[in-house]
Amino acid sequence: MAEKLKIGIYWAASCGGCEIGILEIGDKLLDLIEVADLVFCPCILDFKYDDVRAMPDGYIDVCLFNGGIRNSENQEIAELLREKSKVMVAYGSCASEGGIPALGNLFSTDDLLKRAYTTETTDNPVGIIPGPGHSVEEGELHLPTVHDRVRRLSDVIDVDYFMPGCPPTEIQTWAVIQAVASGNLPPKGSKVGVGDKSVCDECDRERRGVKIKKFFRPHEIIAEDGWCLLEQGILCLGSATRSGCEARCIDANMPCRGCYGAAGESKDQGAAMLSAVGSMLAADSIEKAEEIVKSMVDPAGTTYRFGMAESMLVRHFPERGQG
Ligand code: SF4
Ligand code: SF4
């Protein structure tokens, strides 16, 4: 019997949804364990970092790395897994584009820590903010250092393939495992399981050329079946988002949130979306346009929900060394 494939799965700054995405390959899991061993996956089994350090370089055949790089631990393990893996996949939106954790890039690290540790959801009467070193009776405790911003995996190590999606679909996951198992790999740098068009191109809702009079959140309106959600005022990112998912959210009457990343040559999904929206407002004056735009709840968080770490906006914080 041929030697089994060795798979590593790691989570950095992420929510754990990518691991659920991997489980969604369903009954193919039985096929997977026939041909592959999981040699590292701290999310579901008690692996230690020292287990990885003890592996020879290139020992892991394919590493599915999810999550962005938020702190020194994320970066250290990314560098370690790069050494130990033949094929490194940026798995999911957070590893590929920064994802939701990268929305924190709109704030300073100090503000984020204060918000997390000293506001209404935290019982912290003396206002302790965790730092990298802390002395206790038993000795010195160390925590990872929080970086100034979330970076993509490819910002800190060499990445072979990208698999956007929140989480990636089971079809994408299975395709990459089969490609590694067969040795039939796509060109380095490929985005696996995505198309070269936009989600709008995969969506069968009718575009009637109707201008937007007001924005609604999905729960505030019953959208008309078969009609473009954006034209009804629901902020759908389909025009700014890469195809490949077959418009699965829209099929479930939910707007596209943009998890496959920027469509086409765009390097800034949020800017592309805001530009598209700007040409669709039912406004004949700046004042009217402002009134409509004000009805959009959390424009930055909505249009940059997944793409903040690769957006041009990071360049707007020179005080954080992001010139
Ligand atoms: S904006 Fe959304 S609903 Fe409208 S056509 Fe594009 S994907 Fe479909
Ligand atoms: S419709 Fe948009 S948010 Fe939904 S899976 Fe596709 S790309 Fe992701």
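# Ligand shells, helices and domains of a predicted model

Reader: By class, how is the shell around ligand 1 made up?
Author: The model is predicted. There are 14 residues around ligand 1, and those that come nearest are Cys-200, Cys-203, Cys-228, Cys-236 and Gly-238. Sorted by class, the shell consists of 10 nonpolar, two polar and two charged residues.

Reader: Which helix gives the largest share of the shell around ligand 2?
Author: The residues around ligand 2 include Cys-245, Cys-249, Cys-256 and Cys-259, along with Arg-248 and Ile-250. By class, this shell has eight nonpolar, two polar and two charged residues. Its largest share, three residues, comes from residues 248-251, which form helix α9.

Reader: Where is Glu-246, which has a positive phi?
Author: Most residues other than glycine have a negative phi. Glu-246 is not a glycine, yet its phi is about 60 degrees. With 13 other C-beta atoms within 10 Å, Glu-246 is partly exposed. Its place is in the loop between α8 (199-202) and α9.

Reader: How do the buried residues of α7 fall when seen down the axis?
Author: Residues three or four places apart in an α-helix point the same way, because there are 3.6 residues a turn. In α7 the buried residues are Gln-172, Thr-173, Val-176, Ile-177 and Val-180. Down the axis they fall within an arc of 130 degrees, so they line one face of the helix.

Reader: What do the buried residues of α7 pack against?
Author: Helix α7 runs over residues 170-182 and reaches 18 Å from its first C-alpha to its last, close to the 18 Å expected. Gly-183 follows the helix with a positive phi near 75 degrees. The partners of the buried residues are β1 (5-11), α1 (17-23), α2 (28-35), β3 (60-66), β5 (85-91) and β9 (161-163).

Reader: Is the peptide bond from Cys-166 to Pro-167 cis or trans?
Author: Most peptide bonds are trans. Pro-167 is found in the loop between β9 and α7. The bond from Cys-166 to Pro-167 has omega near -10 degrees, and it is cis.

Reader: How far apart in space are Asn-66 and Ala-90, C-alpha to C-alpha?
Author: Asn-66 is found in strand β3 and is buried, with 32 other C-beta atoms within 10 Å. Beyond its neighbours within four places in sequence, its contacts include Trp-11, Cys-18, Tyr-91 and Cys-94. Asn-66 and Ala-90 are 24 residues apart in sequence, and in space their separation is 6.2 Å.

Reader: What covers the buried residues of α4?
Author: The 13 residues of α4 should span 18 Å at 1.5 Å a residue, and the end C-alpha atoms are 18 Å apart, which agrees. Its buried residues are Asn-74, Gln-75, Ile-77, Ala-78, Leu-81 and Lys-84. Their cover includes β1, α3 (49-53), β3, β4 and β5.

Reader: Which element gives the largest share of the side of domain 1 that touches domain 2?
Author: The chain is divided into domain 1 (5-100 + 149-182), domain 2 (107-147) and domain 3 (199-316), and 28 Å separate the centres of domain 1 and domain 2. Their contact takes six residues from domain 1 and four residues from domain 2. On the side of domain 1, β4 (69-71) and α4 (72-84) are the elements that give two or more residues. The largest share, three residues, comes from β4.

Reader: How far apart in space are Ile-128 and Lys-114, C-alpha to C-alpha?
Author: Ile-128 lies in the loop between α6 (109-118) and β6 (133-136). It counts as exposed, with 11 C-beta neighbours inside 10 Å. Ile-128 and Lys-114 are 14 residues apart in sequence, and their separation in space is 9.2 Å.

Terms used. Residues are numbered from 1 along each chain as its sequence is written. Chains are lettered from A and ligands numbered from 1 in the order in which they are written. This is a predicted model: local features need pLDDT of at least 70, side-chain atom pairs count only at pLDDT 80 or more; totals for chains, interfaces and linings use all residues. A residue is near a molecule or strand if its C-beta atom, placed from the backbone, lies within 6 Å of it. Ala, Val, Leu, Ile, Met, Phe, Trp, Tyr, Cys and Pro count as nonpolar, Asp, Glu, Lys and Arg as charged, and the others, Gly among them, as polar. Helices (H or I, at least four residues) and strands (E, at least two) are DSSP runs, numbered from the N terminus. The expected span of a helix is 1.5 Å times one less than its number of residues. A residue is buried if 20 or more other C-beta atoms lie within 10 Å of its own, exposed if 12 or fewer, and partly exposed in between; C-beta atoms are placed from the backbone. The arc is that of the directions from the helix axis to the C-beta atoms. Two residues are in contact if their C-beta atoms, placed from the backbone, lie within 7 Å. Domain bounds come from an automatic or database domain assignment.
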